[in-house]
Amino acid sequence: MSVKYICRHCQTFIGELFYKQVNEAMLGFHFLTPEERRDIISYDQNGDMMVKVVCNYCKEALDANPELSLLGSPLQ
């Protein structure tokens, strides 16, 4: 199983973890509410976990222009 981290705004690949025995509790995902889990975590057809986070570029852009967070796809 692998865990792939992708920016939720620009879809940039951020990184990937490869573990044979990784689970969501080891990654701290068990602290998420059901709504947060649906929004952040998905699985591809191979069973790999896709985790949506915010990359540094998008974070800086949103910090400098907070009104962008009101848009559905602010940085595409």
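Visitor: Hi! Let's start with helix α2: how far apart are D63 and K59 there?
Guide: Hi! D63 and K59 sit 4 residues apart in helix α2, which covers residues 56–64, so about one helical turn separates them. One thing to keep in mind as we look around is that this is a predicted model.

Visitor: Why would that spacing matter?
Guide: An α-helix has 3.6 residues a turn, so residues three or four places apart point the same way.

Visitor: OK, and what does D63 form with K59?
Guide: A salt bridge, with the closest N and O atoms 2.6 Å apart. K59 is partly exposed, at a relative accessible area of 44%.

Visitor: Which residues of α2 are buried?
Guide: C58, A61 and L62 are buried in α2. They span an arc of only 95° around the axis, so they lie on the same side of α2.

Visitor: And what's on the other side of α2?
Guide: There you find N56, E60 and A64, which are exposed.

Visitor: What covers the buried residues of α2?
Guide: Strand β1 is included in that cover.

Visitor: Nice, let's go to the sheet then. What order do its strands have?
Guide: The order is β2-β1-β4-β3, in an open sheet of 4 strands with mixed pairing. From one strand to the next, the twist averages 25°.

Visitor: What holds strands together in general?
Guide: Strands of a sheet pair through backbone hydrogen bonds, either parallel or antiparallel.

Visitor: So do β1 and β4 run parallel or antiparallel?
Guide: They run parallel, and 5 bridges join them. As for positions along that pair, K4 has M50 as its bridge partner in β4, while I6 stands opposite K52 in β4.

Visitor: How do β3 and β4 pair?
Guide: In the antiparallel sense, over 3 bridges. M50 turns up here too, as the bridge partner in β4 of S42. The hairpin of β3 and β4 has 5 residues between the strands, and G47 in that hairpin takes a positive phi near 90°.

Visitor: Back to charges. How many salt bridges does the structure hold?
Guide: It holds 5. The idea behind them is that side chains of opposite charge can pair when their charged atoms come close.

Visitor: Which side chain meets K4 in a salt bridge?
Guide: The side chain of D44 does, at 3.9 Å from N to O. This pair links distant parts of the chain, 40 residues apart: K4 is in strand β1 (residues 2–7), and D44 is in the loop between β3 (41–43) and β4 (49–53).

Visitor: Is K4 buried or exposed?
Guide: K4 is buried, with a relative accessible area of 18%. The cut-off for buried is under 20%, so K4 falls on the buried side.

Visitor: What else is linked with K4 and D44 in a network?
Guide: D48 is linked with K4 and D44 in a network of salt bridges. D48 lies in the loop between β3 and β4 and is buried, at a relative accessible area of 13%.

Visitor: What does D48 touch?
Guide: Leaving out residues up to four places away in sequence, D48 touches M1, S2, K4, S42 and Y43. A polar atom of the D48 side chain lies 3.3 Å from the backbone nitrogen of S2.

Visitor: And which residue does R8 form a salt bridge with?
Guide: R8 forms one with D39, where the closest N and O atoms are 3.0 Å apart. This pair also links distant parts of the chain: R8 is in the loop between β1 and β2 (13–18), D39 is in helix α1 (residues 34–40), and 31 residues separate them. R8 counts as partly exposed at 27% relative accessibility, and D39 counts as partly exposed at 40%.

Visitor: Last one: where is V22 found?
Guide: V22 is found in the loop between β2 and α1, and it is buried, with a relative accessible area of 9%. Apart from its neighbours within four places in sequence, V22 is in contact with M1, V3 and L27. The C-alpha atoms of V22 and S2 are 8.2 Å apart, while the two residues are 20 residues apart along the chain.

Conventions
Residues are numbered from 1 along each chain as its sequence is written. This is a predicted model: local features need pLDDT of at least 70, side-chain atom pairs count only at pLDDT 80 or more; totals for chains, interfaces and linings use all residues. Side-chain values use heavy atoms; hydrogens and water are left out. A salt bridge is a side-chain nitrogen of Lys or Arg within 4 Å of a carboxyl oxygen of Asp or Glu. Helices (H or I, at least four residues) and strands (E, at least two) are DSSP runs, numbered from the N terminus. Buried means under 20% relative accessible area, exposed over 50%, partly exposed in between (1.4 Å probe, protein chains only). Two strands pair if DSSP finds at least two bridges between them. Axes are lines fitted to C-alpha atoms, for helices over the stretch in contact, and angles run from 0 to 180 degrees between N-to-C directions. The arc is that of the directions from the helix axis to the C-beta atoms. Contact means heavy atoms within 4.5 Å. A polar contact is a pair of N or O atoms within 3.5 Å; within protein, one must be able to donate a hydrogen and the other to accept it, and residues adjacent in sequence count only if both atoms are side-chain atoms.
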